[in-house]
Amino acid sequence: MSYLDKAALKVVGTRPIRPDGVDKVIGRASFGADMTMPGMLWGKVKRSPHAHARITKIDTSKAEKLNGVLAVVTAADFPNIPNEEAFVGEGPMNFRDLSRNCMARDKALYDGHAVAAVAATSSAIAEEAVDLIEVEYEVLPHVIDVEEAMADGAPLLHDDMFTQGIEPKPEKPSNVAKRITFTKGDIAKGFAEAELVIERKYSTQPVHQAYIEPHACVVSYGSDGQCTVFSSSQGQFMVRAYCAKLLGIDMANIRAIPAEIGGGFGGKTLVYLEPVALALSKKCGRPVKLVMSREEVFRGTGPAAGGVIEVKIGAKKSGRIVAAELVLKYQAGAFAGSPVGPGCMCAFAMYDLDNVHITGYDVVSNRPKVAAYRAPGAPNSSYGVESCVDELARELGIDPLALREMNAARDGTKTPYGPTLVNVGYIPTLEAAKNHEHYKTKLGPNQGRGVASGFWFNIGGESSASVHVNEDGTVAVVEGNPDIGGSRASMAMMAAEVLGIPYEKVRPVVGDTASIGFTFLTGGSRVTFATGMAVTQAAEKVVEQLKSRAAAIWDISPEAVEWKDGKAFPAGSNAGSFEPLSLADIAVKSGRTGGPITAEVSINAQGAGPGFATHICDVEVDRETGHVKILRYTAVQDVGRAIHPSYVEGQMQGGVTQGIGWALNEEYIYDKNGRLDNPGFLDYRVPVASDLPMIETVMVEVPNPRHPFGARGVGEVPIVPPMAAVANAIADAIGTRMRDLPMSPPKIRAALDEQEPPRLAAE
Amino acid sequence: MSKHHVTTTINGEPAEYLCEAQQTMLDVLRDELGLTGSKEGCSSGDCGACTIICDGNIVCSCLMLGVEAEGRDITTIEGIARGDELHPVQQKFLEHAALQCGFCTPGLIVAAKALLDTTLNPTEEEARYWLAGNLCRCTGYDKILRAVMDAASVMRAEAGR
Amino acid sequence: MPHVTMTGIAARRLTGGLTEFDVEADTVRRLITELDRRYPGLGQQIDESMAIAIDGEIFQDAYLEKLRPESEVVLIPKIGGG
């Protein structure tokens with residue numbers, strides 16, 4: 001069924017209070033570190049102080065002898081997993097790499113790489129024990145920078161890494177894991193036709209997802225082999241699958257229970273602690289809690305990839321782009337797997353172009369293995385492309401929104417990565433931005449305005465949901481996605497809408513791996529789309545049952561019953577004359593009409609429908625300090641259909657703010673030994689409340705016909721445009737183009753000094 | 001390692017506990033007293049997720065020792081609601097959808113409550129600077145500020161001003 | 001018959017560099033089976049690392065999806081997310 005007629009909706013599109021809200025404002029919600037188990041021990045991970053080193057010996061004997069220590073593990077306690085990409089329901093994953101990322105084997109590949117772990121009766125004893133573990137290292141030359149890692153003679157991280165995507169296979173190993181290319185049309189012909197060519201190089205830094213909750217888990221490994229894993233992650237089924245694979249446990253023997261998750265943004269789509277805690281628990285037979293410190297989060301877990309973006313755009317003087325070329329060199333961290341593929345695919349997806357060539361390189365270096373971060377890959381490449389397009393617009397003297405509109409992708413546009421777009425709403429975002437009052441306001445001195453657009457695919461995938469009618473006519477919804485930003489509310493709303501009952505009568509629960517069918521993780525902006533589809537279908541099945549139960553009570557044919565406003569009615573006078581039966585009336589008699597009323601639906605949701613966004617940013621540059629203040633920010637996005645508009649706005653505002661942090665402040669600073677110098681929130685500065693204005697949002701609704709309510713994923717694309725929007729605004733304010741992130745005060749100062757060299761005091 | 005005996009007041013109720021000299025107030029709250037509403041995000045006083053009120057001042061409980069609570073009056077997130085009724089800041093956080101993951105929420109609510117204990121007429125800028133010690137990575141602070149400003153207006157109305 | 005394009009893929013080595021194919025198939029399953037018959041190993045590669053865009057809509061792991069004779073089919077790298 002479809003519910004695209006907005007006027008007919010009673011619940012979807014309203015802004016009720018989330019079902020888990022009260023627990024979260026009174027401190028009762030149970031996050032990863034909040035759980036305890038009887039007899040629980042405290043674990044602690046020992047980490048490499050070296051960026052690149054061979055581990056020649058680990059002596060754990062002193063730690064084991066410390067009173068209160070019950071288990072110590074190293075890589076020797078984990079199966080040595082061969083180099084193979086396996087497929088366990090969450091997509092391809094190289095389990096050798098994942099295993100070695102959780103616990104270094106033979107070599108430590110980055111500062112902060114786990115090399116051993118202990119479990120003890122208190123966290124203080126565990127910390128003491130970690131210091132007693134003696135690790136002998138043979139320190140190796142290291143490499144941090146992406147282009148240095150690609151250079152001939154760079155220190156090699158993996159001597160069996162031969163660049164994929166190059167034929168014939170290279171003779172020598174390198175740090176380039178993969179080369180990927182996309183071609184459309186004839187780039188040489190396109191540039192030959194161009195009247196203006198702009199070629200620029202941009203660079204971005206890896207940044208951390210910086211969820212406020214550090215990774216945490218509490219696990220028990222029973223003597224019968226049955227395991228319980230309570231942890232904060234973006235997917236309990238992902239935790240189960242990865243733990244099973246890394247430790248050789250049957251999935252049936254792992255029950256993964258999702259904690260409330262204190263932010264993830266992609267960074268909690270893989271495991272770090274859970275397999276280690278299980279190995280410790282197995283060794284000592286007691287439950288084990290492992291919680292990271294903030295320093296461990298920075299040194300040992302995911303950042304997002306940074307990289308180098310080389311853009312070349314050719315255009316006619318009219319503004320029509322005739323050729324575009326892009327080279328991306330992305331940081332993967334210590335193991336292959338940067339999001340360079342989607343980086344390539346998203347870069348020009350906003351444009352209708354005939355001639356495009358894109359090359360991407362996936363490059364390893366001595367940094368933590370990158371993890372997904374909101375629209376993984378797209379923010380970097382879009383920063384380059386959207387900055388370059390702005391440079392083009394300025395050079396041609398064309399309004400940047402008009403230039404984009406002239407070249408905009410629309411239904412029927414064949415994208416550079418292949419498919420032809422359908423049902424997309426990019427142009428409406430440009431129009432809404434152009435018509436927004438923000439775009440017309442005047443600016444003062446040292447102020448500037450920038451615009452930029454962005455694209456993200458969104459995904460669907462496997463989801464399960466069940467709907468249970470309780471005996472009193474209230475309803476339980478069980479679904480398999482950890483609620484990272486209000487999704488319980490949208491699930492309950494969709495169920496309530498289908499059932500025709502008040503939102504408050506529906507209580508959603510996030511089930512563990514034993515209480516709901518497989519559900520792909522919370523990520524890729526898929527939950528409201530895919531799991532929402534499963535919830536809707538399960539609720540529809542319940543409605544069918546309710547109709548047949550009413551028919552049984554009335555002793556008429558089920559076809560003669562219709563469901564409206566939460567009640568069964570006879571469908572017309574031929575069906576007979578009966579008082580309507582409410583859901584509660586039917587529920588109380590469910591035993592007599594066939595038993596409990598319940599439905600579970602498992603689907604593989606397809607056709608997620610991409611998201612487009614256009615952002616407007618105003619800045620003011622303090623010429624004395626180089627500080628950039630965000631004066632005003634407006635984010636316009638095609639959201640399909642907003643189920644709970646407040647949480648859609650929240651996704652947009654949060655993504656924008658993370659993008660502003662990436663643009664202005666955030667970066668990893670390494671010392672000459674490859675050690676991270678700023679593993680804390682004091683020196684790794686994420687945006688704080690006083691850095692920002694209100695983030696204005698405009699939700700354009702171009703419904704996605706694949707979803708019963710027209711929803712599109714909304715969480716990813718808001719982080720795509722901000723870096724270019726801020727950079728374009730800075731260029732407008734000071735007349736200098738910042739091509740290297742972050743655009744922090746020292747860099748702005750240097751740019752201003754170049755415009756007007758500072759006079760020495762003596763002069 | 002002998003433990004210290006501490007007598008204090010937590011959320012209006014008398015409390016006693018034993019703690020080690022190096023244990024932080026946050027560790028005591030979470031691990032000794034089962035008050036896990038205060039969160040550890042950094043243990044260096046940079047994120048504010050562990051914010052409590054100690055004798056009327058907001059404090060990062062990760063920077064305070066458990067023994068320092070002796071004789072003090074401590075309020076944690078568990079003590080912000082007025083009995084069964086949510087504090088206006090809590091209610092407005094819900095109404096404005098000012099939380100996404102909810103992990104920073106306890107600290108932000110405690111800090112915002114302390115602000116409104118001080119003044120019922122904060123400007124948005126004052127509120128932004130007051131809350132600048134509480135990191136939120138999900139919301140971009142927009143809805144948080146709206147919730148706090150709305151709570152202030154509710155409390156002004158309650159106070160008959 | 002559906003026209004198939006393969007983009008951005010390291011699997012070109014399996015096809016001798018070819019990236020465009022005409023394949024007589026009315027479902028995704030049959031399309032993959034036929035491509036694997038022509039280029040042994042390509043079927044596994046598609047299963048593990050590729051999504052299939054049919055007439056502009058992206059499908060992942062969708063054997064049952066129908067193809068029309070005029071369908072535009074593009075094999076693209078599988079997409080995850082944050």
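This is a predicted model: local features need pLDDT of at least 70, side-chain atom pairs count only at pLDDT 80 or more; totals for chains, interfaces and linings use all residues.
Because its relative accessible area is 35%, A:Glu193 counts as partly exposed, a class that runs between the 20% limit for buried and the 50% limit for exposed.

Leaving aside residues up to four places away in sequence, A:Glu193 is in contact with A:Lys316 and A:Val322. A:Pro379 is 186 residues from A:Glu193 along the chain, and their C-alpha atoms are 29 Å apart.

## Which chains touch

Chains B and C do not touch, with 13 Å between their nearest C-alpha atoms.

## The interface of chains C and A

Chain A puts 34 residues into its contact with chain C, and chain C puts in 26. Together the two chains bury about 2300 Å², of which 57% is on carbon and sulfur atoms.

Polar contacts across this interface amount to 8 residue pairs, both residues being at pLDDT 80 or more. The salt bridges between chain C and chain A number 2. In a salt bridge between C:Glu57 and A:Arg706, the side chains come to 2.9 Å, N to O.

## The chain C side

On the side of chain C that touches chain A, at least two residues each come from helix 2 (42-49), strand 4 (57-59) and strand 5 (72-77). Strand 5 of chain C gives the most, with 4 residues. By residue class, this side of chain C holds 10 charged, 9 nonpolar and 7 polar residues.

Methods
Residues are numbered from 1 along each chain as its sequence is written. Chains are lettered from A and ligands numbered from 1 in the order in which they are written. Side-chain values use heavy atoms; hydrogens and water are left out. Buried means under 20% relative accessible area, exposed over 50%, partly exposed in between (1.4 Å probe, protein chains only). Contact means heavy atoms within 4.5 Å. Buried area is the accessible area (1.4 Å probe) that two parts lose on being put together, summed over both. A salt bridge is a side-chain nitrogen of Lys or Arg within 4 Å of a carboxyl oxygen of Asp or Glu. A polar contact is a pair of N or O atoms within 3.5 Å; within protein, one must be able to donate a hydrogen and the other to accept it, and residues adjacent in sequence count only if both atoms are side-chain atoms. Ala, Val, Leu, Ile, Met, Phe, Trp, Tyr, Cys and Pro count as nonpolar, Asp, Glu, Lys and Arg as charged, and the others, Gly among them, as polar.
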